[in-house]
Amino acid sequence: MKKIYLVGVMAVALLFSCKSKSEKSGDAAASDSTAAATTTETTAKTTEPVGNAPKTYIVTFTPDSAVLGKSQEAAIKVLSGTATELSDPDGKAEGIEMTFKLSLTNKNKIGGNTVGISPSDFRLLLDNNSSISQQNGSYVSAEAESTKESENITYRLPAGAKPKALKLFYDETRASVDVTLK
């Protein structure tokens, strides 16, 4: 009984599959234009920007350089970076992650001391007048009369806060550069 039922189902399926193929050959032009329209719609959908992409900013510093040290031996240039708004899966703002690099130039003459700075000594002043320290970044040192670029330095700002200034420290001297997000 099961075998007869199975053979019957397969015969019906074969009959309908043959019918639909013969109908396609008669209306080939119409089906090709429909397929082309579907392909165009699919392509258009994939090239649209994603609606939930995080908002990003360009971080700029004014002035972008400062000379520090008791003998003015460390020239630090703060290179522009990026900032990305962070949010949870529900869309609630969790803050901003700001990333940039530094370029350190040792102004000592050949044979002089090595200059090293630690971004963990820097402080980012926020618009609510609180200061935060870096989340990620490593020590940078440069030999006499040479320049060295740092790895990425990352600050994580709390929700609702914007950066105002970056306070740089080296050898009991300090400098401040303004920070803007564009």
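Me: In the hairpin of E3 and E4, which residue takes a positive phi?

Reply: This is a predicted model, where local features need pLDDT of at least 70, side-chain atom pairs count only at pLDDT 80 or more, and totals for chains, interfaces and linings use all residues. Residues are numbered from 1 along each chain as its sequence is written, and side-chain values use heavy atoms, with hydrogens and water left out. Strands are DSSP runs of E, at least two residues, numbered from the N terminus. Five residues lie between the two strands of this hairpin, and the one with a positive phi, near 95°, is Gly91.

Me: Over how many bridges do E3 and E4 pair?

Reply: Two strands pair if DSSP finds at least two bridges between them. E3 covers residues 74-87 and E4 covers residues 93-106. Thr84 stands opposite Glu97 in E4. The strands pair in the antiparallel sense, and the number of bridges is 12.

Me: How many bridges join E4 to E9?

Reply: E9 comprises residues 147-149 and runs antiparallel to E4. Leu104 stands opposite Lys148 in E9. The number of bridges joining E4 to E9 is three.

Me: Which residue forms a salt bridge with Lys101?

Reply: A salt bridge is a side-chain nitrogen of Lys or Arg within 4 Å of a carboxyl oxygen of Asp or Glu. A search of the whole structure finds three. In one of them, the N to O distance is 3.7 Å, and the partner of Lys101 is Glu149.

Me: How many residues apart are Lys70 and Glu172 in sequence?

Reply: The side chains of Glu172 and Lys70 meet in a salt bridge, 3.6 Å from N to O. Glu172 lies in the loop between E11 (163-170) and E12 (173-181), and Lys70 in the loop between E2 and E3, so the pair ties together parts whose separation in residues is 102.

Me: Is Glu172 buried or exposed?

Reply: Buried means under 20% relative accessible area, exposed over 50%, partly exposed in between (1.4 Å probe, protein chains only). Lys70, its salt-bridge partner, counts as exposed at 56%. Glu172 has a relative accessible area of 74%, so Glu172 is exposed.

Me: What is the relative accessible area of Asp64?

Reply: Asp64 forms a salt bridge with Lys77, the closest N and O atoms being 3.8 Å apart. Lys77 is partly exposed, at 39%. Asp64 is also partly exposed, and its relative accessible area is 31%.

Methods:
Helices (H or I, at least four residues) and strands (E, at least two) are DSSP runs, numbered from the N terminus.
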